[in-house]
Amino acid sequence: LHLPVRVVVEGTMHEAWTENMSASGVLLRLNSILVPGQEVEFLVEIQAGTLGFQQTAAVHCAGRVTRSYREEPFAYAAAVIDEYSFQ
């Protein structure tokens, strides 16, 4: 599932896409590298009709970066999701 997300790290917003996501973690594709250990927050919008949702759903997630790497032209960050709530 490739969904657009806005990731907030230390007060700075980054545009990103999900590459892979589960209830406990996410792999993000970004333009800038994140550092393992950094806390992240992001909001994922799942459009109606995706994954069987009848209406658009928004999920607020908070967690921390566990690893990151660069594969030109993008950077990738894996993060564990410590908390999430449906908005």
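Predicted model: local features only at pLDDT ≥ 70, side-chain atom pairs only at ≥ 80, totals over all residues.
Residues are numbered from 1 along each chain as its sequence is written, and side-chain values use heavy atoms, with hydrogens and water left out.

The pairing of strands comes next. Strands are DSSP runs of E with at least two residues, numbered from the N terminus, and two of them pair if DSSP finds at least two bridges between them. In the model, 6 strands close into a barrel in the order 1-2-3-6-5-4, with antiparallel pairing. On average, neighbouring strands of this sheet are turned by 40° against each other, direction ignored; the angles, on a scale from 0 to 180 degrees, are taken between N-to-C directions of axes, which are lines fitted to C-alpha atoms.

Strand 5 (residues 57-71) pairs with strand 4 (residues 39-46) in the antiparallel sense over 8 bridges. Besides the pair that opened this passage, Ile-46 stands opposite Ala-57. On to strand 6 (residues 74-86): strand 5 pairs with it over 12 antiparallel bridges, and the two form a hairpin with 2 residues between them. Ser-68 has Ala-77 of strand 6 as its bridge partner. Strand 6 also pairs with strand 3 (residues 25-30), again in the antiparallel sense, over 6 bridges, and here Val-26 stands opposite Ala-79. Strand 1 and strand 4 are joined by 4 antiparallel bridges, with Val-5 opposite Val-44.

A nonpolar core is a set of buried Ala, Val, Leu, Ile, Met, Phe, Trp, Tyr and Cys residues joined through side-chain atoms within 4.5 Å. The largest such core has 19 residues, and Val-5, Val-7, Leu-34, Val-40 and Phe-42 have the most contacts inside it. Two or more residues come from each of strand 1 (4-9), strand 3, strand 4, strand 5 and strand 6, and strand 4 gives the most, with 4 residues. Val-7 touches several residues beyond four places away in sequence, including Leu-28, Val-40 and Phe-42, where contact means heavy atoms within 4.5 Å.

Methods. Buried < 20%, exposed > 50% of the residue type's maximum accessible area, 1.4 Å probe, protein only.
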